[in-house]
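Then I turned to one pair of helices.

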Amino acid sequence: MSEITYQNYIDNTFVGSDSLIEVYNPADAALLARVPDASGEQVGRAIAAARKAQRGWAAKPAIERAGYLRQIARKVRDNAERLARIITREQGKVPALALVEVNFTADYLDYMAEWARRLEGEVLTSDRVNEHIFLLRKPLGVVAGILPWNFPFFLIARKMAPALITGNTIVIKPSEETPINCFEFAKLVAETDLPPGVFNVVSGTGAGAGSVLTSHAGIDLISFTGSVGTGSRIMAAAAPNITKLNLELGGKAPAIVLADADLELAVTAITASRVINTGQVCNCAERVYVERKVADQFIDKIASAMAATRYGDPSVDNDLDMGPLINQAGLDKVAQMVKTAIGHGAQVITGGSVADKGKGFHYQPTVLAGCSADMEIMRKEIFGPVLPIQIVEDLDEAIALANDSDYGLTSSIYTRSLGAALKASREIDFGETYVNRENFEAMQGFHAGTRKSGIGGADGKHGLYEFTHTHVVYMQA
Ligand code: NAD
């Protein structure tokens, strides 16, 4: 990829900006591109374009709106290899995972398009004669989609597809760490005949373009994926306008490994959780509670699996398991958390240091044993290839520790006992629980968290309806 300057996409036109942000490859710190640091005036223009387009867009039959999503999905598939290479260079994930992300994005657009003939209202019985009560599902209006950097391409579709199929228009702001793939997506959208103003992209910082979007009276729904701290700031910014919120925030997923578990399966799935996307995944296992009887065996096996991880620069070597962390701040945070845990008594079984891999932000795959509930590393999101492990006496203790968290996104349990699996699904207070499988959600499910992990959710029917409001009509006729 040669170093180029991208432009905001507003009302089907690419428009430049005086102020620019530089985007770097996290594997070797090379400059990749410059993108707009959109001004308040530009963000306002994008919102106005989306507003102007919205009624006409909503008036189209849903099946026609679905046709545009399918056109875009085809373009994404036709460009899959190229887009995956861009994501690898910009975000640092390995090529195979980048390709999975691109193809999953196309599938997601097609999946949401399928809802066109399935969007339903209700007809209710009235207490009055000659009256029908119609419950209509209507679009909210203009959606602001604010994206993180960890699955930057997929998140475009997760916001855009449900918004557009239900008749909303959208202004997307990608993360300032990973905006290139979003502008490449916008270029593909520009090749279709999607009407002007329906899909807009403005890039910029959170404090700049982000806060203009979230405090703007012209936005009807803020659909945000990112950290808890930013989610909280967005709630405050949305408060004066009482703007509806959909918040997909951080996680600290517990994995419970019972003595009767298939240990090979647990080791494979939990290792994948810490290695995939370099451990920078909201839904992946971030802390393990293992029953004492199998603890030594489990720790040995998972330390060997983590130590065997092949990592480095994924834009140079195609055949790696893991790339770098996203930036210096991410690397510093992981290094500091490990250091603090060691200071409080955690034992390094493997890894434990910044990796010497040139200029990028690489950290060694790390396993920490001897962790306890009061340690920061068992309570705060790590977002790196580090696995802290605590030994427990039984399932009750594991569930109590799992639930004692600010977060409530995903969780998992490994056991051959149906009774234990059912007890965990009854008593674990999380939005998702994976039983005897890796942490990875399905697009027809509902990805949502309890506690500080968010408000509302994404995917499936329930995620789709978050982009609508209900309008009740009392019809005397
Ligand atoms: P972040 O909160 O730093 O940034 C996310 C986005 O918010 C960026 O586009 C940023 O520019 C913008 N932003 C920052 N401050 C803002 C403000 N004041 N107003 C408006 N916008 C603002 O998050 P990140 O580091 O990009 O992503 C990692 C986080 O995302 C992790 O905590 C991870 O768990 C979470 N995440 C959650 C899910 C989920 O589905 N629950 C999925 C992916 C990532």
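**Entry 1: cavities**

I looked up the lining of the largest cavity: Tyr108, Arg158, Lys159, Pro162, Ser223, Asn246, Gly457, Ala458, Asp459, Gly463, Leu464 and Phe467. A cavity is a set of points, on a 1 Å grid over the protein atoms alone, where a 1.4 Å probe fits but cannot get out; lining residues have an atom within 4 Å of a point. α5 gives the largest share of this lining, three residues. I noted a volume of about 40 Å³ for the largest cavity, counted as the space filled by probe spheres set on the points.

This is a predicted model, where local features need pLDDT of at least 70 and side-chain atom pairs count only at pLDDT 80 or more, while totals for chains, interfaces and linings use all residues. Residues are numbered from 1 along each chain as its sequence is written, and side-chain values use heavy atoms, without hydrogens and water.

Next I checked the second largest cavity. Its lining is Tyr289, Ala373, Met378, Arg379, Leu401 and Asp404. Its volume is about 40 Å³.

**Entry 2: two helices**

How do α9 and α10 cross? I found that the axes of α9 (residues 263-275) and α10 (residues 292-307) come within 10 Å and cross at roughly 45°. Helices here are DSSP runs (H or I, at least four residues). Axes are lines fitted to C-alpha atoms over the stretch in contact, with angles from 0 to 180 degrees between N-to-C directions. In contact means heavy atoms within 4.5 Å. Among the residues of α9 that meet α10 are Leu263, Val267 and Ile270.

Note on methods: 1 Å grid on protein atoms, 1.4 Å probe; cavity = no way out; pocket = protein on both sides within 12 Å on 5 of 7 lines; lining within 4 Å.
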